[in-house]
Amino acid sequence: MCGRYSLTSAPEAMRQLFDLDGPLLNLQPRYNIAPTQDAPIIRAADGGKRELAMLRWGLVPSWAKELSIGARMINARCEGVAEKPAFRQAFAKRRCLIAADGFYEWQTLGKGPKQPFRFEFEARRPFAFAGLWEGWRNPADATLVETCSILTTAASPVLAPIHDRMPVILEPADFAAWLAPASRPATLQGLLRPYPLSGGGYGPLGAYAIATLVNKVANDGPALAEPLDRGGPQKTLF
């Protein structure tokens with residue numbers, strides 16, 4: 001699964017990667033984006049353009065009775081996503097890009113606490129998770145709440161010792177197909193794959209151990225992304 005990630009990139013880097021027009025939201029660097037928090041996503045807008053919006057992380061289906069269900073739907077497994085009631089409508093009609101520049105996974109080490117790892121590309125360049133979004137109206141007051149979920153797939157063989165799942169990282173060349181309303185299901189499923197070991201459009205994915213500061217949702221700031229001091233080279237390419 002993917003339960004925490006970061007987005008600290010400069011607005012101009014975001015504009016170039018996602019081909020955004022007009023003013024961007026006043027995005028502040030965030031090193032510990034967590035479920036139920038608002039997060040930046042990119043989706044198709046009128047006239048073939050793309051828009052940046054802030055959505056609550058944790059998808060709430062339109063038929064849900066309570067907002068709290070979203071805390072259990074922060075990720076959508078790509079296997080069967082087209083058929084599962086909670087995600088099938090969003091997969092068919094409401095796909096998005098979830099902007100990030102790093103994510104975290106935890107490795108089980110014997111009986112001790114899990115070890116967090118940070119995954120990022122060189123120069124902490126921004127990238128996109130494959131995402132779904134949905135609109136839900138509060139039955140009490142008809143307030144519209146827009147929510148999102150990150151698609152996950154099986155981990156690549158080298159990443160598998162840390163975690164058996166990984167978020168789907170979409171190549172920039174695939175953004176248009178993912179966002180296009182007319183894309184066929186077979187085309188979409190072909191995009192839901194582990195990031196290649198040899199490196200894709202962003203280059204190779206790097207990983208390194210970090211301190212457990214990231215475990216607490218209230219913690220934020222550059223210290224969360226610092227390599228754990230183990231007296232030697234810290235980054236490993238995956």
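This is a predicted model: local features need pLDDT of at least 70, side-chain atom pairs count only at pLDDT 80 or more; totals for chains, interfaces and linings use all residues.
Local features are described where pLDDT is at least 70, side-chain atom pairs count only at pLDDT 80 or more, and totals for chains, interfaces and linings use all residues. Residues are numbered from 1 along each chain as its sequence is written, and side-chain values use heavy atoms, with hydrogens and water left out.

A pair of aromatic rings is described by the distance of the centres and the angle of the planes. Here, rings of Phe, Tyr and Trp (its six-membered ring) pair if their centres lie within 6.5 Å, and count as stacked with planes under 30 degrees apart, edge-to-face over 60 and tilted for the rest. Searching the whole structure gives 12 aromatic pairs. One of them joins F121 and F127 edge-to-face, with 5.2 Å from centre to centre and 80° between the planes. F127 also meets Y202: the centres are 6.1 Å apart and the planes lie at 70°, so this pair is edge-to-face. Because F127 lies in strand β9 (residues 127–137) and Y202 in the loop between α4 (185–191) and β13 (206–209), the pair ties together parts that are 75 residues apart in sequence. Helices (H or I, at least four residues) and strands (E, at least two) are DSSP runs, numbered from the N terminus.

F121 is buried, with a relative accessible area of 1%, as is F127 at 0% and Y202 at 3%. Buried means under 20% relative accessible area, exposed over 50% and partly exposed in between (1.4 Å probe, protein chains only). Ring pairs link these residues into a cluster that includes Y5, W57 and F103.

Charges meet rings too: R43 lies over the face of W133, 4.4 Å from the ring centre. A charge sits over a ring if NZ of Lys or CZ of Arg is within 6 Å of the ring centre and within 35 degrees of the ring normal.
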